[in-house]
Amino acid sequence: MSIWSLIAGASWIVQLVMLILLLASIVSWVMILQRGFLLSNTKRSAITFEDRFWSGMDLSKLFRQVTSEPDPDNGMEHLFRAGFKEFTRLRQDSNADPDAVMEGTQRAMRVALAREQERLEQNLPFLATVGSISPYIGLFGTVIGIMNSFRGLANQTQATLATVAPGISEALVATAMGLLAAIPAVVAYNKYSAKVDQLLNSYDTFSDEFSSILHRKVHTRVKQG
């Protein structure tokens, strides 16, 4: 007996459960691949930008370059642009308090960091949901299928293994589909959550280092003034 014949012979409720699990599995795989490419590109872009940042290039020149050709996947570049733009704007006021300049700059980078975190964590809650509830949905289909099998036995004068086995097999297909949807989603969620945490930690470190550089610049100007 093939898997397809088991699915075709199941009750409409069990078939509905299987359809829901199939759709959840397809959507989660699309998100797994999309998140995988995005996080890989983001990490690669961050490494490239860090190399440029620490190459000794003038920050104003770097700002002009990344502004003229922005990289939408480069979160570290977003932080740099947001921070340096605000720093330059506030610094134009010759009477600006250095601490106020730094406070405004760090606030702009915190906003950029929050947006970047939201972008990186997009779709991860869906993977967590599929991973946690798919086995239960599959179990629900299995319970319904087994109930139907035992109800069918009431009309039989003699119950044998050959009588109940097809019905139970149909029911267990729902559990198998639930696990097939859940396992990749859980693995991807754990893996991508760790990657997102790693990226956010590197952004935090970059923000602190960049703030230190700007802090020295703004206070050097005050001393020279």
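The model is predicted, so local features need pLDDT of at least 70 and side-chain atom pairs count only at pLDDT 80 or more, while totals for chains, interfaces and linings use all residues. Residues are numbered from 1 along each chain as its sequence is written, and side-chain values use heavy atoms, with hydrogens and water left out.

Overall shape to begin with. The chain has 7 helices and 0 strands; helices are DSSP runs of H or I with at least four residues, strands are runs of E with at least two, and numbering starts at the N terminus. Along the principal axes, the C-alpha atoms fill a box of roughly 100 × 25 × 20 Å. Of the 225 residues, 38% are buried, meaning under 20% relative accessible area, with exposed over 50% and partly exposed in between (1.4 Å probe, protein chains only).

Now Met109. Met109 sits in helix H5, residues 98-120, and counts as buried because its relative accessibility is 3%. Leaving out residues up to four places away in sequence, Met109 touches Leu79, Gly83, Ser207, Phe210 and Ser211, where contact means heavy atoms within 4.5 Å. Phe140 is 31 residues from Met109 in sequence, and their C-alpha atoms are 47 Å apart in space.

On to Leu16, in helix H2, residues 12-53. Leu16 counts as partly exposed because its relative accessibility is 42%.

That is the chain as modelled.
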